Each structure stands twice: as C-alpha cells, then as structure tokens.
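Subject: Structure handover

Hello,

Here is the structure for you to look over. My notes on it follow.

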Amino acid sequence: MARAFGCARIQRHAGNRSRLFSLNLFPRTGRDSLRNRNRPARLHIGRRLESTRRKFAASTVAGVVSLANRKRFAADRTSDKPMTPDFIHEFVPGSSNRTLLLLHGTGGNERDLIPLGRELDPNAALLSPRGKVLENGMPRFFRRLAEGVFDLEDLQKRTHELADFVKAAAKHYKIDINKIVAVGYSNGANIAASMLLLRPEVLSAAILFRAMVRLIPETPADLCSVRVWIGAGSNDPIVPASETKELAELLRGAGADVTIRFFQAGHDLTQQDVEAAQEWLKV
Ligand code: MLT
C-alpha cells in the first residue's frame, strides 16, 4: 500500500466509448494565440500523432479567443520584460484562472496540442512550449540514449529549465501559478512526470498520456495536494504496463491523488483517453 501522507484519494472513472479521437493537428492557431517572435514558421507534426491526423478529418478548435480579444489581453496582461529562461512557445489566453501546460511528444511542436488543450478545457489558458532538444531534427524535451533509455542528467537539467520557464511565463502572462495543469503526451508526459517529482511547486495537477518512469528523485516530493490522471494503452509497444503502474505508485507514494486508466490502444492517443481526461478535469 502506497504512503499517502494523509491526503484524501478518490479514484474516478469515466464511461467507456469506442470512438477514436480526432485531432486537428494543423490548427490555424497562429491567428489566435500569442506567439513567441523567434519561432520559425515551419510546422512539425508529432510522430506518434501523425497517423491519427491522416485517418481523421480536421475538427475545429472551440473556444479560442478572437483576434480583437487577444490584442486586448496582450495589452492588459503581459509584461514587457523578457522571459528567462524562454522557450519557443504558444500562449492562448483563457477565460478561467486555470492554465494547461501542453507538452508535445517526440517530433512535435508547440502547436500540436493546442486543439487537445481546447478540447480538454475550453476556458483554460494554454501555454505550449517546444522542446529544445533535437533528435534527428525532431524536437524533444530531453535527451535519450536509445528508445526508453533516458539521459537522466539531461532530464534533470531540462526539467528545471522547463519549470523555471513556466514560472517566468506565469509572471509574464500574469497567470495563476497555483492553477497550472500539465498535459503531456509521450515524451511530454515523461518530462511532466519528472516535473512533478523534481519541481512539485509548479503543477497543481497533471494529465499524462502514455507516460513511463525513469527518474527516482533523491528527495521524495510532497505531492499531497496534487491530482494526476494517467492514460495508458494496454498494447503500447513503447510503454509497458508495468512502467505505468510503477509511475502511478511512485506518485501515490509522494501523496498524489492518482487515477490510472488503461485503454484498448497502443501508443497513439484515442478519443476515449481524451473524454476520460476531460471528465476527470471537470471534478
Ligand atoms: C521518450 O523518449 O520520452 C519516450 O520513449 C517516448 C517517446 O518519445 O518515444
């Protein structure tokens, strides 16, 4: 039985549906989001999500603010001071005080998860950085030595850099640092898990799609007030079920309220994942 540090823990399950998730991976979010001036124009697609994009028709991104509202928001709520450290990123203002920190998979970029973020919470602000590590030209959030073999030193360094960026972005965009929810897919979920363990003060909750554990912190984190939802594929060729369960136990041991769901799926994201995560986020 995992240690819970006296935190209440509630397991919640959403109903199962077999429909596959349809993600628009070519959103024209550039019109509606605040974009870092330094970002190159070229669009990279998440490797794992590319097949999903090919199979399904594009869906519209609901709830993205209008250009006029964006300009007003930009004038009122961003600071002129440069962010340190900075990442190439997208920021989409929201109408609630929650911000989703969107972390893409290997080969993705800062635009990939914007539609997913909007689908998960139409009212939240969205902060979506691009990973700084390039693996054969594919952006990632930390180095790895082989598939599933992480460069732990780099993972730790990059985790702290990302956490510092989130804090700087919170000041810059005047968002509530206590209401930041990480939403990570694959490599993005792995750095989100690492942030929970190394920098627990930055996140109030996390949604981890296809995450694994590789990092055991020297000092256990206190995650007593943190909620975590983990979505795994029971046929995932990259993340074995034992890895997902181990991650859940590690987080529970640190006091987090962890919900873990297994879906009849591989490494790709499904509509079932998204609907279950959406329900969990509403509570
Ligand atoms: C990782 O390197 O983070 C995981 O192996 C997932 C992936 O990006 O393939």
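The ligand comes first. It is surrounded by 12 residues, the closest being Thr106, Arg140, Arg144, Asn187 and Asn190. A residue counts as near if one of its heavy atoms lies within 4 Å. This shell divides into two nonpolar, five polar and five charged residues. Here Ala, Val, Leu, Ile, Met, Phe, Trp, Tyr, Cys and Pro count as nonpolar, Asp, Glu, Lys and Arg as charged, and the others, Gly among them, as polar.

The model is predicted: local features need pLDDT of at least 70, side-chain atom pairs need 80 or more, and totals for chains, interfaces and linings use all residues. Numbering runs from 1 along each chain as its sequence is written, and side-chain values use heavy atoms, without hydrogens or water.

- Asn190, at 2.9 Å
- Arg144, at 3.1 Å
- Glu147, at 3.3 Å

On its own, the ligand has 260 Å² of accessible area, and the protein covers 100% of that. Areas come from the Shrake-Rupley method with a 1.4 Å probe.

Next, confidence. pLDDT is the predictor's confidence in each residue, from 0 to 100. Its mean over the protein is 80, and 73% of residues reach 70 or more. Over residues 1-73 it stays under 50; the model has 163 contacts beyond four places in sequence for that stretch. Contact means heavy atoms within 4.5 Å.

Now the backbone. Helices (H or I, at least four residues) and strands (E, at least two) are DSSP runs, numbered from the N terminus.

Pro85 sits in the loop between α2 (67-77) and β2 (89-92). The Thr84 to Pro85 peptide bond is cis, with omega near -5 degrees. Beyond four places in sequence, Pro85 touches Glu161, Asp164, Phe165 and Ala168. Its C-alpha atom is 9.5 Å from that of Ala163, 78 residues apart along the chain.

Ser186 is not a glycine, yet has a positive phi of about 60 degrees. Ser186 lies in the loop between β9 (180-185) and α5 (187-198).

Best wishes

Terms used. A polar contact is a pair of N or O atoms within 3.5 Å; within protein, one must be able to donate a hydrogen and the other to accept it, and residues adjacent in sequence count only if both atoms are side-chain atoms.
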